[in-house]
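Trainee: I am new to this structure and would like a close look at one part of it. Please also say how that part should be read.

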Amino acid sequence: MMDFQYQVGTEVVTVKCEPGGGRYRITIADRVYDVQLDHAHSPEVAFIVDGTRHLAQVVDDGTTRYVGIDGHVVELKKPDPRRARNKRHHGEDSLSASMPGQVAKLLVGEGDAVERGQTLLILEAMKMEIKIAAPHAGRVVKALVRQGQVVDRGQELIELSHEP
Amino acid sequence: MGDSIRRMGSKTQARALMQAAGVPVVPGYHPRLGGEGQGVRDWADQTGYPVLVKAAAGGGGKGMRIVHQPDQLIEAIEAAQREAAKAFGDATIFLEKYIEGARHIEFQVFGDATGHVIHLFERECSTQRRHQKIIEETPSPLLDDDLRERMGQAAVAAARAVDYQNAGTIEFIVDPKTREFYFLEMNTRLQVEHPITELLTGIDLVNLQLRAAQRQPLPFAQADVSRRGHAIECRIYAEDPANNFLPAIGKVLLAQFPVAPGARVDSGLETGDEIPIHYDPMIAKVSVLGEDRADAIRKMDWALRHTIILGVATNIPFLRAVLAHPVFQHGEVTTDFIEREMGAWRPPIDGGRDLALIAAALSEVTIQRTGESANRMIAETAYDPWQVTDRFRAGG
């Protein structure tokens, strides 16, 4: 019996896998599948469940397993127990990049008072511009990036306080 | 030829030329650079909102804005000028009446050095997201023989008006309610969506271009150009449908494309490639030729299921949802369809989830085998006549 854990979206799922007689009994939550392995040569895995053959491609980049199956792509992450969410404190928010890209324009500086909806920064990628706007009125505590800097998706850009 | 490109390259000049050649154009306005104010407001008020702001040197929807309210007009013009300057090095923009519920239908034309100009039928390009074509097909489900004939003639007249040589495209918008058509612009180049014309007519456009460059006459006449079946192209973009279609970048851990009769893939993408932030997000074009439209849609869905790109998000799930939508199935897509009917679309959360978990677990079980059994699997593969493609291993 082998157990594997994956994070799908925000949910952590345990997959129990019991080999026996050339087949696998695979349990996901309360669902039990009787699976026959057809072949597996990386990145391809073919198997039969309930009389239907499925061909999947499975690849890995160290933190995420990407599975292409029946026209879908499913991302399975390694569960990270340290994943601390909601790390906001003292009424401060940090605005993060909604896409990877380059900071085309940084329109505010430390200490600036901003209005709700004001454009703080323009991010550019693949010839497309998106505006990062203030979600609420407040004051710029710190700009965490420079103009021209290339940022990753999710990277924090600007710290914004609620205080005027 | 350089002159035709210049004349058609500026959308504003092209409009004037087309009017002179008797090709219908959409009512429009050309503001002066800088200092624009009352004139453009008056024109927009008279024409009626919404109006469209476009880059004169533009293409691909860059620098284009739909303006619904008078108070958004000036801001939209300025934003379009900035975007146009950045994308094309030319901030010139112009305005047009926005025809709501319109179809975008274009004609492939070809001219040679002797002044012989033909068309190679239409391409329906109404399926657009953010003014960017995502699915093209030919023939257009809207056209009948009469309208096709008239639009084809107008397209040829448009190309003749600039002594056009080589491959070009005359774009029209068609109001499906009145079945009136208007010249939109000419693209003086081979376009992204040319594969469907090649599939439909069996004519190699690039070959014709090379012949034209050698000043050879067209090897056939209009009457010799025929079409068979129905062709569809889907553009694959590195955009994440789960993140509001924003650009996706990173390493492509696996890229596999469909191989089948009547399927064509135009792509340079390979497993291991890096998709950077600096280029357009289009990474591949998948096209199919079917016996008829229903067959082509089925084949396209099959082809998309077999286009497997892992590691970087793509719009493939969205393309498949569009193909399955009743409006697309009925051939009634207008240029505002995606925003109107599919704006709230989100990728299915549990699409194939349990099967993916099974696949992942099985791959871990099999990878954990000893080196000996891994070798045995490779030996089996070598003798399998059905596994003739190259076997690659992402990450070694």
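Trainee: In which strand of chain A is Leu95(A) found?

Mentor: Leu95(A) is found in strand S9 of chain A, residues 92–96 (strands are DSSP runs of E, at least two residues, and helices runs of H or I, at least four, numbered from the N terminus). This is a predicted model, in which local features need pLDDT of at least 70 and side-chain atom pairs count only at pLDDT 80 or more, while totals for chains, interfaces and linings use all residues. Residues are numbered from 1 along each chain as its sequence is written, chains are lettered from A and ligands numbered from 1 in the order written, and side-chain values use heavy atoms, with hydrogens and water left out.

Leaving aside residues up to four places away in sequence, Leu95(A) touches Leu120(A), Ile132(A), Ala133(A), Pro135(A), Gln155(A), Glu156(A), Leu157(A) and Ile158(A); contact means heavy atoms within 4.5 Å. Ser161(A) lies 66 residues from Leu95(A) in sequence, with 11 Å between their C-alpha atoms.

Chain A also meets chain B: 58 residues of chain A are in contact with 53 of chain B. Across this interface the rule finds 6 salt bridges (a side-chain nitrogen of Lys or Arg within 4 Å of a carboxyl oxygen of Asp or Glu). Lys86(B) forms a salt bridge with Glu129(A), with 3.9 Å between the closest N and O atoms.
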